[in-house]
Amino acid sequence: MNAVEFGLLLPNSSPHAGGVSIAEILALARRAEAAGFESLWAGDHLVWPIPNLDVFSILTAVALKTTRVRVGPCVLLLPLRHPLLVAQMVQTLDIISGGRVIVGIGTGGERQEEFETLGVPVSERGSRTTEALHVLRRLWTEPRVTHRGRHFRLVDVPLEPKPLQHPHPPIWVGGRSAGARQRAARLGDGWIPAFVTPDMYREGWDDLATRAAAEGRDPGKITRALLVFVSAGPSRDRAREGAANHMEGFYRIPFERFARFVVFGTPGECLDRLFAFTEVGVEHFVFILASPNPRAMLDIFVEHLLPGLRHP
């Protein structure tokens, strides 16, 4: 098995809504890079109970304050944006970061208000995402693009300069549905679902690998990643309480609805649960610090979880 890699989803809620400050976000980014994390990410919501800062602005700031770590959205709600705008934003970030971008994309759908506000039918989010992925790849690799699709139309459009990475920045497809697995199998360089158990991950990957082979692709070249909430504490009860407070505040739904997808407990208990994911093939974790004190939780990761995961 390849060495497991680690990413961190940085908090990007507005400080005016109880989130951390820009200075604190950048301090977390520098701490994570110094500790050996391989990737740093920011989430994306436009209409949400807790206001969020713009994902690409946060990532640009992080890219300028780091030197080695990969950066990217996890996940960008692709159907809410025109692919030409996304292509330019990713291209710019890749140039600013020196070729360190990974593009995590998803269809969204947790809150219908986001789609209604932007005039995008929720029923079209899958088809818009798939079509946008095709357009993105062409814009990043072809001199000029003409595309007449169901949702988007471009006529002889250039995009210069191209991203630094060739043929383009890696695209990791989020989602656990059959549609998401098909997009990852056909168009993705990685798969990064969330809210899955180890058994669900194994079953999902087996299906994705079959789909990739049917597309003539080598499943071994698709990165197997996982976005996962983690809360480690001095006791299982304390860790559960921290995770529940954090997630209920963000999603506004009872913790019991997704408790089985969250890794929480003492550091040892968290390690056991994370090992269950590596056993079913996860190669790159992206951790969400389910805690009101992300710096303290990051310290627990650095001191207890990462060493155990790197040297089981």
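**Strand 1 and the packing beyond**

Mentor: Four bridges tie strand 1 to strand 2 (residues 39–42), and the two run parallel. Helices (H or I, at least four residues) and strands (E, at least two) are DSSP runs, numbered from the N terminus, and two strands pair if DSSP finds at least two bridges between them. Before going on: this is a predicted model, with local features needing pLDDT of at least 70 and side-chain atom pairs counting only at pLDDT 80 or more, while totals for chains, interfaces and linings use all residues. Residues are numbered from 1 along each chain as its sequence is written, and side-chain values use heavy atoms, leaving out hydrogens and water.

Back to the strand. Leu8 stands opposite Leu40 in strand 2. Strand 1 also has five bridges to strand 12 (residues 284–289), again in a parallel arrangement, and there Gly7 has Val286 as its bridge partner. Strand 1 (residues 5–10) is mostly covered, with five of its six residues buried (buried is under 20% relative accessible area, exposed is over 50%, partly exposed is in between, with a 1.4 Å probe and protein chains only).

Now for the helices. Two packed helices are described by the angle between their axes and the distance between the axes. Here the axes are lines fitted to C-alpha atoms over the stretch in contact, and angles run from 0 to 180 degrees between N-to-C directions. Under 35 degrees is roughly parallel, over 145 roughly antiparallel, 65 to 115 roughly perpendicular, and the rest oblique.

Start with helix 1 (residues 22–34) and helix 10: their axes come within 11 Å and cross at roughly 0°, so helix 1 is roughly parallel to helix 10. Leu28, Arg31 and Ala32 of helix 1 touch Pro294, Arg295, Leu298, Asp299 and Val302 of helix 10, contact being heavy atoms within 4.5 Å. By class, that's five nonpolar, no polar and three charged residues (Ala, Val, Leu, Ile, Met, Phe, Trp, Tyr, Cys and Pro are nonpolar, Asp, Glu, Lys and Arg charged, the others, Gly among them, polar).

Helix 10 (residues 294–310) also packs with helix 9 (residues 267–279), where the axes come within 10 Å and cross at roughly 40°. That makes the pair oblique. The helix 9 side brings Pro267, Cys270, Leu271, Leu274 and Phe275, and helix 10 answers with Ile300, His304, Leu305, Gly308 and Leu309. This contact splits into eight nonpolar, two polar and no charged residues.

Further along, helix 3 (residues 83–97) and helix 5 (residues 125–141) come within 9 Å at their axes and cross at roughly 50°, so they too count as oblique. From helix 3, Pro83, Leu84, Val86, Ala87, Val90 and Gln91 meet Ala132, Val135, Leu136, Leu139 and Trp140 of helix 5. Here the tally is 10 nonpolar, one polar and no charged.

Last, a loop stop. Phe261 sits between helix 8 (236–251) and strand 11 (263–265), and at 7% relative accessibility Phe261 counts as buried. Beyond neighbours within four places in sequence, Phe261 contacts Arg176, Phe195, Val196, Thr197, Met200, Val228 and Arg273. Of those partners, Phe195 is partly exposed at 21% relative accessible area, and its phi is near 55°, a positive value in a residue other than glycine.
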